[in-house]
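Please look first at the sequence and the structure shown below, and keep both in view while reading.

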Amino acid sequence: MQHQSRQLPDGSTALYAWFEAMHTRVDLLLRKKDTAPSSLLETAEAVRALLLRLEQAGNRFESDSEISRLCKASVGMPVKLSDDLFDMLRLALHYHSTTGGLFDITVNTPGHTADTISNVELSEAERTCTLHRSGIVLDLSGFIKGYAIDRIKPLLTNHGITDALVSLGNSSIMAMGDVPGNVKDGCLTTSGNDTADRRHIINPLTGEYVCGQGSAQVRTASGAEGEVMAKIKFIQQNT
């Protein structure tokens, strides 16, 4: 992890750290009064460890990740999940319901239909997931960074950090604490195509890629909600 620290005129210490996680660049700016740079660096390392753990749970592009193993499980067999993955899937199913199917983590499944996600069953009591159809692909790529942002905020609070700026790939950004002349808390999320030829967002209701260069931005209190709403806004703008 690369980092720089500085003592500020008000007596607080600021740390800027950056590293790679979740296949993107992560930037942290932390500020705290009456602390040493080494303490802030420990906090940054804790954020990094959290992101790597979430990536191991929810990155479908890694063959040994927890979500990849789940997708390879036998049809109808309940699979015990970590709290991290269970919570991500639970929220993803919730957002599928509240968005009328426009947010769908099964959209990359071969032969996907609007009903495919109904084959994903979670048991709250057992903390398990059962897939009732073969070949289901669970893709959290458009969600996991926002979920991570929501997990980072309480971690920072537990470390005594009240002022921070966290950026995951410049598309999921969270601010907390004091900005001169104002108090800013919340998330800014961007979704879209950075070039006219890029094809990576699928409209789950039509099965077609959303084409065209452009983006959609939303401000929310929750990073996970921001990821969902920015993607939906972009789909609606280009449908």
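Predicted model: local features only at pLDDT ≥ 70, side-chain atom pairs only at ≥ 80, totals over all residues.

Residues are numbered from 1 along each chain as its sequence is written, and side-chain values use heavy atoms, with hydrogens and water left out.

Buried residues in α3 are Asp84, Leu85, Phe86, Met88, Leu89, Leu91, Ala92, Tyr95 and His96; buried means under 20% relative accessible area, exposed over 50%, and partly exposed in between, with a 1.4 Å probe and protein chains only. The helix α3 has 16 residues and reaches 22 Å from its first C-alpha to its last, close to the 22 Å expected at 1.5 Å a residue, the expected span being 1.5 Å times one less than the number of residues. After α3 comes Gly100, with a positive phi near 65°.

The buried residues of α5, among them Ala224, Val228, Ala230, Ile232 and Phe234, pack against α3 (83-98), α4, β8 (172-176), β11 (186-193), β12 (202-203) and β14 (214-220), contact meaning heavy atoms within 4.5 Å. In strand β11 lies Ser191, which counts as buried because its relative accessible area is 12%. Leaving aside residues up to four places away in sequence, Ser191 touches Ile201, Gly214, Ser215, Ala216, Ala230, Lys231 and Phe234.

How do α1 and α4 meet? The axes of helix α1 (residues 37-58) and helix α4 (residues 144-158) come within 10 Å and cross at roughly 145°, where axes are lines fitted to C-alpha atoms, for helices over the stretch in contact, and angles run from 0 to 180 degrees between N-to-C directions. Residues of α1 including Thr43, Leu50, Arg53 and Gly58 meet residues of α4 including Ile144, Tyr147, Arg151 and Leu155.

Most residues other than glycine have a negative phi. His23, although not a glycine, has a positive phi of about 60°, and lies in the loop between β2 (12-21) and β3 (24-33). Asp34 is likewise not a glycine and has a positive phi of about 55°, its place being in the loop between β3 and α1. His23 counts as exposed because its relative accessible area is 59%, and Asp34 counts as exposed because its relative accessibility is 77%.

A search of the whole structure finds zero disulfides, a disulfide being a pair of cysteine sulfur atoms within 2.5 Å. Cys71 is in no disulfide, and its nearest cysteine sulfur, that of Cys129, is 8.2 Å away. Cys71 counts as partly exposed because its relative accessibility is 21%, whereas Cys187 counts as buried because its relative accessibility is 6%.

Notes. Helix = DSSP H or I, 4+ residues; strand = E, 2+ residues; numbered from the N terminus.
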